[in-house]
Amino acid sequence: MIIELDKENQTLIEQLEDSFPHYFLKNPINKDFEQNIFTKYFIYQEKSNIIGFVNYYDLYERYEISYIEVKEEYRNQKVGSKMLDYLIEEAKKKNIENITLEVNVQNENAIKLYEKYNFKKVAIREKYYDGVDGYLMERKMM
Ligand SMILES: CC(C)(COP(=O)(O)OP(=O)(O)OC[C@H]1O[C@@H](n2cnc3c(N)ncnc32)[C@H](O)[C@@H]1OP(=O)(O)O)[C@@H](O)C(=O)NCCC(=O)NCCS
């Protein structure tokens, strides 16, 4: 089940941060909500466990995926695909023109997931990830 995170729902925010501490210790959700009016999160829940989430920016006519992760033990079981299905459906409803993201060139699994959803490599971001290049990928919606 996919649930949009509401900034008033502190219980769910804490649960998400506890589920992915390596990420959220550096990127606390409440601080992000305070500093970035465009930021949005949704989670993928299975039997009240959070096993995946997406953070993206809702920027007028476009979306930008900031981060997506699935818990290690649930990877390669289509959870990432279901989350992208959801995001793309939302984008269609809102007449979003394109969705972009940056990904480490060495992150083969993520690149495969994005390519499956018709994201195309449109530029190289040199040394974007601690000296490693990134791809800017774009999924046109129209
Ligand atoms: C990238 C990530 C979110 C993918 O989530 P996922 O739930 O494993 O993805 P899915 O099961 O929906 O797989 C989607 C496609 O990616 C590819 N893929 C994903 N994991 C794979 C693996 N371990 N081996 C081979 N291919 C893989 C496959 O092509 C798959 O499509 P298919 O099942 O139709 O063949 C997950 O690997 C992850 O959390 N990685 C760590 C965090 C990360 O790197 N995030 C991206 C930041 S830009």
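The shell around the ligand divides into 7 nonpolar, 6 polar and 5 charged residues. Here Ala, Val, Leu, Ile, Met, Phe, Trp, Tyr, Cys and Pro count as nonpolar, Asp, Glu, Lys and Arg as charged, and the others, Gly among them, as polar. The model is predicted: local features need pLDDT of at least 70, side-chain atom pairs count only at pLDDT 80 or more, and totals for chains, interfaces and linings use all residues. Residues are numbered from 1 along each chain as its sequence is written.

In total, 18 residues surround the ligand, and the closest are Arg75, Gly80, Ser81, Ala110 and Lys112. A residue is near a molecule or strand if its C-beta atom, placed from the backbone, lies within 6 Å of it. Two or more shell residues come from each of β4 (62-70), α4 (79-93) and α5 (108-116). The largest share, 5 residues, belongs to α5. Helices (H or I, at least four residues) and strands (E, at least two) are DSSP runs, numbered from the N terminus.

Strands of a sheet pair through backbone hydrogen bonds, either parallel or antiparallel. Two strands count as paired if DSSP finds at least two bridges between them. Strand β2 (residues 39-46) runs antiparallel to β3, and 8 bridges join them. Phe42 stands opposite Val54 in β3. Contact means that the C-beta atoms of two residues, placed from the backbone, lie within 7 Å.

Strand β3 (residues 49-59) is also antiparallel to β4, again with 8 bridges. Gly52 stands opposite Val70 in β4. The hairpin of β3 and β4 has 2 residues between the strands, and Tyr60 there takes a positive phi near 60°.

β4 and strand β5 (residues 98-104) pair in the parallel sense over 4 bridges. Tyr63 has Ile99 in β5 as its bridge partner. From β4 the chain crosses through α4 to β5, and this β-α-β crossover is right-handed. That is, with the strands pointing away from the viewer, the path from the first strand over the helix to the second runs clockwise.

Which residues does Val79 touch, not counting those up to four places away in sequence? They are Tyr44, Ile51, Gly52, Val70 and Tyr74. Val79 lies in helix α4. Val79 and Tyr44 are 35 residues apart in sequence, yet 7.6 Å apart in space, C-alpha to C-alpha. Val79 counts as partly exposed because it has 18 C-beta neighbours inside 10 Å. A residue is buried if 20 or more other C-beta atoms lie within 10 Å of its own, exposed if 12 or fewer, and partly exposed in between, with C-beta atoms placed from the backbone.

Two loop residues remain. Lys78 is in the loop between β4 and α4. Its phi is near 75°, a positive value in a residue other than glycine. Lys78 has 12 C-beta neighbours inside 10 Å, so it counts as exposed. Asn95 is in the loop between α4 and β5. Phi of Asn95 is positive too, near 55°. With 9 C-beta neighbours inside 10 Å, Asn95 counts as exposed.
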